[in-house]
Amino acid sequence: MSVALSGAMPAAGRRSRPWRLPPSLLALPLLAFLLIFYAYPLASMLLRSVYDQGWTFSGFGALAGDAVFWRVLGTTAQVAFVVTLACLLLGYPVAYVMSRVRSGTANLLMVLVLIPFWTSILVRTYAWMALLGRRGIVNNALIAMGVVDQPLQLMNTRFAVYLAMVHVLLPFMILPLYAVLRGLDWRLVQAAEGLGAGPLGAFRQVVLPLSLPGIAAGCVLVFTLALGFYITPVLVGSGSDVMLSMLIGDLVNRLDWPRASAMAVVLLAMVLGVFALLARLVPLGRVLQGGR
Amino acid sequence: MPTLRRAILYGLAGLVLAFLFLPVLVVVPLSFSSARYLSFPPPGFSLQWYENFFSRAAWTDATWMSLWTAVASTILAVLLGVPAAIGLTRGRFPGKALAQALILSPVVAPGIVVAIGLYYVYARYGMVGRPVALVVAQAALAVPFVVINVSAALGGVDRRLEQAALNLGATPWGAFRQVTLPLIRPGIFAGAIFAFVTAFDELLIALFLAGTTAVTLPRRMWEQLNYSIDPTIAAASSLLIALTTVLLGGAEILRRRAERQRTTPAE
């Protein structure tokens, strides 16, 4: 117990309680670790976009006039939007059914969601390469069934990017949706139906509004993760599916730090902006518990 | 009519779940294929790709690098994350929300931004290609899972039990060790499992920080997928799926145990 602290806390320092430090001090080692090894490097890289032996905005200036940057930004936003929409449309029925079946069945379905969720992204992307390749499983099956005579170009297309990204990100939609739907008071639905609403009407007027926090959390998670996607689009996309993160990686490999750091600022600002929206709606920790 | 609507809904959910689960499984038969190139169904059974995986230094070295750096990262994340979770749930201090945001941020920050940020500074100190750089970076990315799971476990601890231990003459450390720690142990282990999987699976960090001297398994698989697809990667993938399933099963068992503990009344 240091002198300064015991002065501030007269009750502390009794002999029966040999160390009575405020519990908040326990967070210090981790905070120091993260500040030194994570926040400081990240901040200096981001600062590089505006500071290089003097303040400069040349990095952002170069971006503003860079047609490639704008095209890639558009592609990134479009891919993230389509993937989020697809995840919502595919994930909602799954979360809905999971919240309506017995808890044993729901746990089993949860395993079907969680095993792919925790399987390495590389493994899942490799699986899609095996499925969609020229001599892949899908093409072989289509040729064997006589649907096509020539293998279809499935790999290295935007379609493959969508498919593989939806596959990776779908659990991030299902988990928050399920968390909300499971806690929903289903007697409200019965009441609505008792008052003459049809099943679709009850869904639209009761279930859907009450599940909005889950929809918001799922959409924000999927959208922000999709904005920063790297591995999957590199492996299954084509030259016209370049995402922002791929461009950043490329620039770093060419040691073009002014542009790379400016782009990193743009990407991070987009992600944080969307997340700031979410933080007003749902506590973050709850969304992430048990999940990635 | 309602049954038809129900059938459509359940059928749709089933299809989506199949879409989620089946593609992961296709790599398993491929790993036992006798063919040199991708062909499905495999023309014959062979263990050659597993033999390759376990006999080629490029694969075994990368696997060891991944295993030990991920274990070291997990230990570091637990040693830092458990006290931090206690500090954040029990303590009050200015800037607590900011501290929480900092700790959780590695989960939501784009991987590429984190990776190049670390590279930017670590390179200056000659850390690129050194396994210790991977350990530190992976620990930063993994620690949120420890903090989240331990915080959740702490939320379920009845503080009157600690109070009782203190009143009976236990020191604060004794009360923590004998009362609180056993209660949050499942949370610690679950957090450690998630942390390990995160550290073990990290690719972007390895792409920028591994150099040529600290190549991890994801980095090795990445190179294979980019340049030549040799079915050895199917064997590596199948082994990873098995490892994930076992670890996840362990985490699930721990979660249930924690839930039981929380719902049984304190004696």
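Trainee: How many helices and strands does chain B have?
Mentor: In this predicted model, chain B has twelve helices and zero strands.

Trainee: And how do the elements of chain B run from the N terminus on?
Mentor: They run α-α-α-α-α-α-α-α-α-α-α-α.

Trainee: What does the C-alpha trace of chain B span along its principal axes?
Mentor: The span is about 70 × 70 × 35 Å. Chain B has 267 residues, and 46% of them count as buried.

Trainee: What about contacts within chain B, between residues at least 6 apart in sequence?
Mentor: Of those contacts, 75% join residues at least 24 apart.

Trainee: Turning to annotation, which residues of chain B does UniProt list as "transmembrane region"?
Mentor: The unreviewed UniProt entry lists residues 7-32, 67-89, 101-122, 134-157, 187-212 and 232-254 under that name.

Trainee: What does the model show over residues 7-32 of chain B?
Mentor: That stretch is 92% helix and 0% strand, with its end C-alpha atoms 37 Å apart.

Trainee: And over residues 187-212 of chain B?
Mentor: Residues 187-212 of chain B are 81% helix and 0% strand. Their end C-alpha atoms are 37 Å apart.

Trainee: On to the contact between the chains: how many residues come from chain A and chain B?
Mentor: Chain A gives 75 residues to the contact and chain B gives 73.

Trainee: Which helix supplies the largest share of the chain A side?
Mentor: Helix H2 of chain A, residues 28-47, supplies that share, with 13 residues.

Trainee: How do the residues on that side of chain A divide into nonpolar, polar and charged?
Mentor: On the side of chain A that touches chain B, 55 residues are nonpolar, 14 are polar and six are charged.

Methods
Residues are numbered from 1 along each chain as its sequence is written. Chains are lettered from A and ligands numbered from 1 in the order in which they are written. This is a predicted model: local features need pLDDT of at least 70, side-chain atom pairs count only at pLDDT 80 or more; totals for chains, interfaces and linings use all residues. Two residues are in contact if their C-beta atoms, placed from the backbone, lie within 7 Å. Helices (H or I, at least four residues) and strands (E, at least two) are DSSP runs, numbered from the N terminus. Ala, Val, Leu, Ile, Met, Phe, Trp, Tyr, Cys and Pro count as nonpolar, Asp, Glu, Lys and Arg as charged, and the others, Gly among them, as polar. A residue is buried if 20 or more other C-beta atoms lie within 10 Å of its own, exposed if 12 or fewer, and partly exposed in between; C-beta atoms are placed from the backbone. UniProt positions are given in the numbering used here, feature names are shortened, and annotations may be inferred rather than shown by experiment.
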